[in-house]
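Dear colleague,

Please find below the structure that I am handing over to you. My notes on helix packing and aromatic contacts follow it.

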Amino acid sequence: MANTSIADVLALLGGPGLEDVTSDARGRFRTFLCQPKWSPEDLRVWIDECMELACRAHSEYYFALQDLIVSIGIHLGFEVEFGAYTSTDPGWPIPYDGRWRAITGEDIVVEVKSSPWPLGCTNQLGSYMEEYRRGCPPQHPQVLGIYAIGTGDFSGLIDQIKGSDYRNRLKVISFHDLLRLYSLRNTLARQMPMERIYQVLQDLLMPLESVNVGSLVDIIQGVAGVSWHTPEEDAPAEPTRHWRRSELREFLDECQPNQLAMLLALATSQDQMAATELLRRMRVLAPSIPGLDARQAFSAKTIGGARSGLSKREQILDKDSVIESFNGQYCLREDYRQWVYEWLKCRGIVPISAELNLELDGLFAEAQCAGAAG
């Protein structure tokens with residue numbers, strides 16, 4: 001049972017709070033919600049509180065409710081991106097409420113509503129999905145949508161979805177049922193590995209091929225914790241150096257400021273980069289790193305020290321290296337790039353976005369021109 005109310009948490013944020021885009025209140029609140037210690041009952045108490053107190057004069061409870069619902073995705077194994085509070089929220093070209101990325105790569109754009117009425121047209125969420133899809137590479141999996149709704153009669157919304165162009169890509173779920181999925185996760189944890197649980201729960205939120213009864217059997221089988229294996233499949237699994245997402249998050253939580261600066265610099269680019277470019281990015285991003293001295297000097301020794309510290313911990317844990325280097329070029333290992341990216345965003349260290357990358361590229365170009373002129 002939650003002993004601290006959301007009203008207490010918002011009061012601790014101070015000032016205008018969540019609506020103040022110039023402060024770090026949003027990032028701190030979202031980091032608070034991302035903690036794995038919150039139970040379904042904790043979240044239910046806070047959701048009920050927001051539903052009771054939210055009104056036009058207290059919009060901060062609507063904002064808190066939105067983030068609470070989006071944060072449930074973390075407990076279902078999704079990689080979570082928190083969204084905009086309003087359609088005019090600066091820095092959000094697509095003002096969706098949140099986004100969940102499944103283990104299999106699909107993105108679910110989340111729309112949070114306290115009730116199904118008044119809702120408007122489902123084409124708005126559909127347009128967010130299409131706009132987001134246009135910014136993805138051609139090989140990207142599906143972009144789907146889901147309405148997460150408080151209480152009320154969903155029949156009108158369901159009819160809208162059935163008659164829309166997005167009928168095979170939109171779903172509806174109540175806040176109550178989202179929390180039931182979280183509780184189901186905890187129940188299944190006594191029967192099967194967590195990665196398998198996440199896959200089963202995420203399958204429930206994906207479009208279902210209802211013509212093929214086998215797809216229904218797969219889900220029921222997964223929820224029941226029943227499996228059929230060949231003798232070969234029952235053999236003990238070989239030890240692996242591959243990180244699990246939860247393990248990697250715990251590992252990143254222990255990073256020092258210089259290591260965070262290096263990870264953040266690499267996460268702002270899809271490409272490999274030489275040490276000189278890596279150092280320039282680290283200098284530009286240094287103000288975003290908690291605990292990093294503003295007068296910090298960056299050199300090749302900084303990269304070596306940060307990399308060495310990470311490598312020692314990776315070796316102790318017998319895990320893959322998160323950062324790879326080839327012929328003096330550095331990059332995040334492809335297997336873990338997205339997990340590092342989402343971890344940085346969830347911790348509120350910096351809002352990594354296309355706009356930020358353009359800004360960084362511009363600063364680096366200016367620095368290179370200045371160096372050439374000198």
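In this predicted model, helix α1 (residues 6-13) packs against α4 at an angle of about 105 degrees, and the two axes are 11 Å apart. Helix α1 is therefore roughly perpendicular to α4, since angles of 65 to 115 degrees are classed in that way. On the α1 side the contact is formed by I6, A7 and L10, and on the α4 side by E60, Y61, A64 and L68. Six of these contact residues are nonpolar, none is polar and one is charged.

Helix α12 contributes A275, L278, L279 and M282 to the contact, while α13 contributes A300, T302 and I303. The division here is six nonpolar residues, one polar and no charged.

Turning to the aromatic residues, a search of the whole structure returned nine aromatic pairs. One of them joins F63 and Y85, which are stacked, with 4.5 Å from centre to centre and 15 degrees between the planes. F63 belongs to helix α4 (residues 60-75), whereas Y85 is located in the loop between β1 (79-82) and β2 (98-101); the pair thus links distant parts of the chain, 22 residues apart. Are these two residues buried or exposed? F63 has a relative accessible area of 11% and is therefore buried, the cut-off being under 20%. Y85 is likewise buried, with a relative accessible area of 8%.

F78 and W100 make up another stacked pair, at 5.2 Å centre to centre and with 25 degrees between the planes. Because F78 lies in the loop between α4 and β1 and W100 in strand β2, this pair ties together parts of the chain that are 22 residues apart in sequence. F78 counts as buried, at 0% relative accessibility, and W100 is buried at 0% as well.

Two further aromatic features deserve a mention. F32, W38 and W46 together form one aromatic cluster.

Yours sincerely

Key. Residues numbered from 1 in each chain as written. Predicted model: local features only at pLDDT ≥ 70, side-chain atom pairs only at ≥ 80, totals over all residues. Heavy atoms only, no water. Contact = heavy atoms within 4.5 Å. Helix = DSSP H or I, 4+ residues; strand = E, 2+ residues; numbered from the N terminus. Nonpolar A, V, L, I, M, F, W, Y, C, P; charged D, E, K, R; others polar. Phe/Tyr/Trp six-rings, centres within 6.5 Å; stacked < 30°, edge-to-face > 60°. Buried < 20%, exposed > 50% of the residue type's maximum accessible area, 1.4 Å probe, protein only. Axes fitted to C-alpha atoms, helices over the stretch in contact; angles between N-to-C directions. Parallel < 35°, antiparallel > 145°, perpendicular 65-115°, else oblique.
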